[in-house]
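Please open the model in your viewer and keep the selection tool at hand. The tour moves from one selection to the next and says what is there.

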Amino acid sequence: MRVLLVGGGCRGLDLTKALTADGHAVRLVTRDAGRRAEIEAAGAECWVGTPDVIGTLRYGLENVTLLLWLLGTAEGDAEKVAALHGSRLRMMLEKTTDTTVRGVVYEAAGTVPADVLAQGREEMARAQRTNEIPYELLTADPRGEREAWLVAALAAIERLLA
């Protein structure tokens, strides 16, 4: 299995290490090409792009089984953060149509305002209704115990693969 991992910070690196240890391939998105060595050391392929500009991620979906949208702790301008869980997420989900993507894990907890996360959950439900895209909500608090978050993330991935 190959995943495209968008967001997650240090948690994303932990998840990458766990997935690659099990023989899976991870393509990890970063805005900063200077993180390439750190990402590759964790076992992932580094993909330079940004969820603010979905076109930079489109070709990252090539041969991907699962999309992991782990932006529950995204920071910055409130409108841009809301877009990551609204219009940007919707556009990314539309790009998965007619690809090898078979499911999406959406981080539905974190520091992002509850109404913004609710918008993201609705985008996931909409994509399932419209394009039959299976999804799992990752509701473990990313601010809490990193190991508990990792276990929950791996369980969400397993449910999609089952």
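Contact here means heavy atoms within 4.5 Å, and helices (H or I, at least four residues) and strands (E, at least two) are DSSP runs, numbered from the N terminus. This is a predicted model, in which local features need pLDDT of at least 70 and side-chain atom pairs count only at pLDDT 80 or more, while totals for chains, interfaces and linings use all residues. Residues are numbered from 1 along each chain as its sequence is written, and side-chain values use heavy atoms, with hydrogens and water left out.

Begin by selecting helix α4 (residues 87–95) together with α5, and look at where Leu89, Arg90, Leu93 and Glu94 of α4 meet Gly120, Glu123, Met124, Arg126 and Ala127 of α5. Sorted by class, this contact has 4 nonpolar, 1 polar and 4 charged residues, where Ala, Val, Leu, Ile, Met, Phe, Trp, Tyr, Cys and Pro count as nonpolar, Asp, Glu, Lys and Arg as charged, and the others, Gly among them, as polar. The axes of the two helices come within 10 Å and cross at roughly 25 degrees, the axes being lines fitted to C-alpha atoms, for helices over the stretch in contact, with angles from 0 to 180 degrees between N-to-C directions. Helices α4 and α5 are therefore roughly parallel to each other (under 35 degrees; over 145 is roughly antiparallel, 65 to 115 roughly perpendicular and the rest oblique).

Stay on helix α5 (residues 114–131) and pick Ala125, which is buried, with a relative accessible area of 17% (buried means under 20%, exposed over 50% and partly exposed in between, with a 1.4 Å probe and protein chains only).

Next, select helix α1 (residues 9–21) and helix α6 (residues 146–161), whose axes come within 10 Å and cross at roughly 55 degrees. Their contact is made by Cys10, Arg11, Asp14, Leu15, Ala18 and Leu19 of α1 and by Arg146, Trp149, Leu150, Ala153, Leu154 and Ile157 of α6; these residues divide into 9 nonpolar, no polar and 3 charged.

Finally, which strand holds Glu107? Glu107 is in strand β5 (residues 103–107), and Glu107 is buried, with a relative accessible area of 0%. Leaving aside residues up to four places away in sequence, Glu107 touches several others, including Arg11 and Trp149.
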